[in-house]
Amino acid sequence: MSAARTYLCGPINGCSDDEARAWREYAKGKLRTEVLDPMDRDCRDKDTQNVVRDDLADIFLADCLLVNRWKAGDGTPMEMVYGSLWGKYIVVVVPDIMRVSAWVKYHASDVVSDIDTAITLIHARTKVV
């Protein structure tokens, strides 16, 4: 059996390098799964069709989505919907857990307030020790 894969999902467009990368680098350092990171392709200012195609391919290959909803983004909800339809485990990080929309709750497997808790849940779900 191959290693579990986690797709890192969160805002990129309209974000600084630090905003788009810092939390992803932190998660990569903690996750004990293979990580699929769309920032490895840095899709800002690139052809939309290729960006969507490549992200969807990664989501399809992933076992889990780690969604960081620290800020609203256009692609993030779309990625969650595809992940949900494809039966992926989706853990969403929302700093203010009391303000989560019904749409996010519906498509999420779990909603937590911090990345470390999300990573713990991913490890438990994928049986990574």
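**Close-up views of a predicted model**

**View 1. Val94 and the residues around it.** Leaving aside residues up to four places away in sequence, Val94 touches Arg69, Val100, Val111, Val112 and Ser113. This is a predicted model. To find Val94, look in the loop between strand 4 (89-93) and helix 4 (102-107). Val94 has a relative accessibility of 10%, so it counts as buried, the cut-off being under 20%.

**View 2. Thr33 in its loop.** Here we visit the loop between helix 1 (17-30) and strand 2 (34-36), where Thr33 lies. With a relative accessible area of 10%, Thr33 is buried. Its side chain is joined to that of Thr6 by a polar contact of 2.8 Å. Residues that Thr33 touches, not counting those up to four places away in sequence, are Ala4, Arg5, Thr6, Ile122, Thr126 and Val128.

View 3. Helix 2 covers residues 48-61, and at 1.5 Å a residue its 14 residues should span 20 Å; the end C-alpha atoms are 20 Å apart, so the two values agree. Which residues of helix 2 are buried? They are Val51, Asp55, Asp58 and Ile59. These residues cover an arc of only 100° around the axis, so they sit on the same side of helix 2. Their packing partners are strand 1 (5-9), strand 2, strand 3 (64-68) and helix 3 (75-85). Turn to the other side of helix 2, and you will find Gln49 and Phe60 exposed.

Definitions and conventions:
Residues are numbered from 1 along each chain as its sequence is written. This is a predicted model: local features need pLDDT of at least 70, side-chain atom pairs count only at pLDDT 80 or more; totals for chains, interfaces and linings use all residues. Side-chain values use heavy atoms; hydrogens and water are left out. Helices (H or I, at least four residues) and strands (E, at least two) are DSSP runs, numbered from the N terminus. Buried means under 20% relative accessible area, exposed over 50%, partly exposed in between (1.4 Å probe, protein chains only). A polar contact is a pair of N or O atoms within 3.5 Å; within protein, one must be able to donate a hydrogen and the other to accept it, and residues adjacent in sequence count only if both atoms are side-chain atoms. Contact means heavy atoms within 4.5 Å. The expected span of a helix is 1.5 Å times one less than its number of residues. The arc is that of the directions from the helix axis to the C-beta atoms.
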